[in-house]
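Thanks, everyone. Please have the sequence and the coordinates up.

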Amino acid sequence: MADSKDKGKNGGFFQRLLDNFFKNSDPEQEKRRVMKIIAKELSKTKYKFYKHGTDEVLPAFAKTFFTIYKTVSPGRIYFQANTNPKIYQRMVLNFMMTEKHLDLVDQLSEESILSEAKSMPLNQLKIQVKEKSETLFTYFDATMINRIDTLYSQLMLFKAFCEYDYFFMLKKFDSSLQEGNFSITPQFEAITGRYIVDDLKDFLSIAYSLTEYDNWNDLFALLKKLKDIEPVAKGTWNRLMNRVQDMQSSRVFEMMLQLIQQNPAYFTKPAKSQEHITEKYIDSIRQEAEKTLSRIQIEQKSSKIDSLVNSIFGTTSIARMKYYTEEQSGIFERRNIGSLSFQQPMNYMKAFQLDYVKKDVRELADLILVRGKWSTTTLSTPMSEAYHQMLELSNKIVEFDETLAESGAISNKLKALLARCDRDKEAVNIIRTLLKDINSSARDILVAGTQDIISFARNLKLVLEDYAKPHPELVINWKELEHYADYNIKETAVAVYKKLHLFVTLMQGFLANSEI
């Protein structure tokens, strides 16, 4: 491989030359002097590729590139019809990973996790996914990550080197040259330097990146596994890399380009050589697993919600809110600004108040609280207060909903801000703040309403227990109430309690992060 000392020596010489060039009071004169020095240095190299006096690139240059073309041409079979980088990333990763770890990758796929979810509780599935992830990710230590990234980088550079359009450049030296035909010896002629400038620059950006690597064992093992043959014998490849690195150290190509372009400051910038695919791959596995688990959780929650809603209302098709709705929320969600976060539970809360609290609950509460004779009024107070708070809740929900009416101040402000949000970031921030305040108000109503239902249900349970006693201690006229009611008090109270319990469970699902 290249001698770093020679690189440093040559680099230092030309750097000093350029420093003097820029300090000179007559740049054009100094430029001519520098160009002569570059031409002299080029003539001293063993590579007779260019004649400065006539600005000709010589046949020896073409012969060298024809040899490279012939050597790497078989490598093209590995890359035919495959243009997607992800295909090569998978090749490298599959080659470097053990069967055990490839199996873990499969077990962490969306299909596998969804299949496991059919027969395993979600919490247990989460633990299992975490354990498998940790086992897999432990395999990717710093050494393995570097090895995988290096192999992929080498593969992509090898691909670029093999697929470089040697034929296009060489045909300029011999118009009768046939692509891929190495049985006929070409008859190369000298050509004007400017015809190969862009071709040479493209070649050097690839070739000089290759010389950064000393060990190609993993690449050739991968290539042999893919096709069961080596496109280029390893020894031949190493000799070719030594040749490329020797030409790089001599700076023959840079000096040619400096002279052809009349630009002594020109230098070759290698292409990016080290790719980083492993950490992205690890993250993609983690993200896919987390996304799948989240999807399962959402689907299970949605299924549970639908089941609870159907048990409570006898249907899942419920629409009671006028303005704080799913439709209005979509206006903000489509612009990725925010949402009306609690529109679904608010809809259910209003429906529960109208369809159940003001009917079945009221009928039972009026019987127990109004006609019932309590041993002391103090004992009835908690249940009475919770009941009246429940009755007032529907009015609070209506008032809240009306604040978002189309002709209201908040609605008009949101419309005006929405019209500006595509071009005004501050408008977006204001909308998000308004939505946050609106949702906070909705949550407060839901939390307070759920607390009142819980309080009423707890007291109803105490009343049921009292009803079952031989000598009631809370309500002392159960016999009278039984005579007055045209329904079975116990059965009705149990049914109401169960319905309240179901609704509280429903609300708790929506308000999991709120105190109730």
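Ala-442 sits in helix H19; helices here are DSSP runs of H or I with at least four residues, strands are E runs of at least two, and both are numbered from the N terminus. Before going on, the conventions. This is a predicted model, where local features need pLDDT of at least 70, side-chain atom pairs count only at pLDDT 80 or more, and totals for chains, interfaces and linings use all residues. Residues are numbered from 1 along each chain as its sequence is written, and side-chain values use heavy atoms, with hydrogens and water left out.

Back to Ala-442. Its relative accessibility is 0%, so Ala-442 counts as buried; buried means under 20% relative accessible area, exposed over 50%, and partly exposed in between, with a 1.4 Å probe and protein chains only. Leaving aside residues up to four places away in sequence, Ala-442 touches Tyr-324, Phe-342, Met-346 and Phe-400, a contact being heavy atoms within 4.5 Å. Leu-417 is 25 residues from Ala-442 along the chain, and their C-alpha atoms are separated by 21 Å.

Thr-450 is also found in H19, which spans residues 425-468. Thr-450 counts as buried because its relative accessibility is 1%. Where does the side chain of Thr-450 reach? It reaches the backbone oxygen of Leu-446, at 2.7 Å. That is a polar contact by the rule of N or O atoms within 3.5 Å; within protein, one atom must be able to donate a hydrogen and the other to accept it, and residues adjacent in sequence count only if both atoms are side-chain atoms.

Next, backbone angles. Most residues other than glycine have a negative phi. Arg-251 has a positive phi, near 65 degrees, and is found in the loop between helix H12 (234-250) and helix H13 (252-261). At 13% relative accessibility, Arg-251 counts as buried. Gln-262 has a positive phi as well, near 55 degrees, in the loop between H13 and helix H14 (278-313). Gln-262 is partly exposed, at 40%.

Now the sheet. Three strands form an open antiparallel sheet, in the order E1-E2-E3. Strand E1 (50-51) and strand E3 (191-192) each have a single partner strand, so one side of each is left without a neighbour in the sheet. E1 is joined to E2 (residues 56-57) by two bridges; two strands pair if DSSP finds at least two bridges between them. Tyr-50 stands opposite Val-57 in E2.

On a 1 Å grid over the protein atoms alone, a cavity is a set of points where a 1.4 Å probe fits but cannot get out, a pocket is an open set with protein on both sides within 12 Å along at least five of seven lines, and lining residues have an atom within 4 Å of a point.

How many cavities of 30 Å³ or more does the whole structure hold? The search finds three. The largest cavity has a volume of about 40 Å³, and its lining includes Ile-368, Leu-460 and Trp-478. H19 gives the most to that lining, with four residues.

The largest pocket holds about 390 Å³. It is lined by 17 residues, with Gln-89, Leu-93, Lys-280, Tyr-281 and Ser-284 nearest its centre. H14 gives the most to the pocket lining, with five residues.

Methods: Points joined across faces, edges and corners; volume = space filled by probe spheres on them.
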